[in-house]
Amino acid sequence: MKRALLILTLVLCSVLQDKAYAQRALPGMRGLEVRGGMADGFYSSANRNESGYYFGAAMSRYTKNANKWVCGVEYLSRYYPYKSGRIPIAQFTGEGGYYYKFLADGSKTFFFYLGGSARNKDRFLYGGAITLEIETYLSDRIILSMSGRERILWGTTSGHFHTQFGIGLKFIID
């Protein structure tokens with residue numbers, strides 16, 4: 001039994017020798033994230049509900065001290081009550097920003113980020129966002145993130161401030 005265990009250990013060491021699986025949030029690592037959630041409250045099909053939803057995709061690149069640069073796109077759909085129904089308003093935005101890690105555990109399983117980003121669509125809609133994000137590693141290459149964000153947009157008639165909260169899944173690609 002000990003001989004079989006030793007042989008299995010040697011085989012696994014030789015197969016897995018080119019990668020270190022315990023390294024997390026190292027400078028230069030990149031991740032691809034898909035995310036979604038609610039905007040301005042909890043979404044419901046009620047006619048008087050003003051909330052909405054969002055979804056998006058982002059690419060992140062880690063820097064020193066597990067901080068990261070983020071670049072992504074997002075779709076926001078929000079409803080506005082009108083007479084006996086409601087009118088949907090959709091926005092497509094692009095964002096780029098920097099997220100600062102302000103807290104992490106020693107095993108690098110949980111990370112807490114505070115981030116800021118700028119947004120732009122065409123030349124009429126512009127603004128920024130302040131984000132609080134929590135990342136937890138499900139494995140060395142898959143991360144679950146939860147975020148709360150306050151979007152500030154000018155050049156739009158759909159309101160300047162939008163509160164978002166949601167969940168995302170990130171895959172480390174290198």
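1. Asn65 is exposed, with a relative accessible area of 60%, in what is a predicted model. Asn65 sits in the loop between β2 (52-62) and β3. Its phi is near 60 degrees, a positive value in a residue other than glycine.

2. Ala66 belongs to the loop between β2 and β3. Ala66 also has a positive phi, near 65 degrees, and is a residue other than glycine. At 7% relative accessibility, Ala66 counts as buried, because the cut-off for buried is under 20%. Asn65, by contrast, is exposed.

3. Strands β3 (residues 68-82) and β4 (residues 85-104) pair in the antiparallel sense, over 15 bridges. One point of reference in this pairing is Leu76, whose bridge partner in β4 is Gln91. Two residues lie between the strands of the hairpin, and Lys83 takes a positive phi there, near 50 degrees.

4. The salt bridges deserve a separate look. A search of the whole structure finds twelve of them. One of the pairs is Arg35 with Glu74, at 4.0 Å from N to O. Arg35 lies in strand β1 and Glu74 in strand β3, so this pair ties together parts that are 39 residues apart in sequence. Arg35 is buried at 7% relative accessible area, and Glu74 is buried at 3%. Side chains of opposite charge can pair when their charged atoms come close.

5. Glu133 and Lys68 meet through their side chains in a salt bridge of 2.6 Å, N to O. Glu133 is in strand β6 and Lys68 in strand β3, so the pair ties together parts that are 65 residues apart in sequence. Both Glu133 and Lys68 are buried.

6. A further salt bridge joins the side chains of Lys170 and Glu135, at 2.7 Å from N to O. Lys170 counts as buried at 0% relative accessibility, and Glu135 is buried with a relative accessible area of 0%.

7. Salt bridges also form a network that links Glu33, Arg35, Glu74, Glu95, Arg149 and Arg151. Glu33 lies in strand β1 (residues 30-39) and counts as buried at 4% relative accessibility. The side chain of Glu33 makes a polar contact of 2.8 Å with that of Ser145. Not counting residues up to four places away in sequence, Glu33 touches residues including Gly56, Ala57, Glu133, Gly168 and Lys170.

8. On the surface, Trp69, Tyr98, Tyr100, Phe102, Leu103, Leu114, Ile130 and Leu132 form a nonpolar patch, with about 820 Å² of accessible area together. Strands β4 and β6 (125-137) each supply at least two of its residues. The largest share, four residues, comes from β4. Phe102, found in strand β4, counts as partly exposed at 42% relative accessibility.

9. Ile134 is found in strand β6 and is partly exposed, with a relative accessible area of 25%. The C-alpha atoms of Ile134 and Leu103 are separated by 9.5 Å, although the two residues are 31 residues apart along the chain. Leaving aside neighbours within four places in sequence, Ile134 is in contact with Phe111, Phe112, Leu144, Ser145 and Met146. Ser145 is also the partner of Glu33 in the polar contact of 2.8 Å.

Technical notes: Residues numbered from 1 in each chain as written. Predicted model: local features only at pLDDT ≥ 70, side-chain atom pairs only at ≥ 80, totals over all residues. Heavy atoms only, no water. Pairing = 2+ DSSP bridges. Buried < 20%, exposed > 50% of the residue type's maximum accessible area, 1.4 Å probe, protein only. Polar contact = N/O pair within 3.5 Å; in protein donor to acceptor, adjacent residues only side chain to side chain. Contact = heavy atoms within 4.5 Å. Patch = residues over 30% accessible without salt bridge, like charges linked within 9 Å, V, L, I, M, F, W, Y side chains within 5 Å. Areas by Shrake-Rupley, 256 points an atom, 1.4 Å probe, with all protein chains shown as cover.
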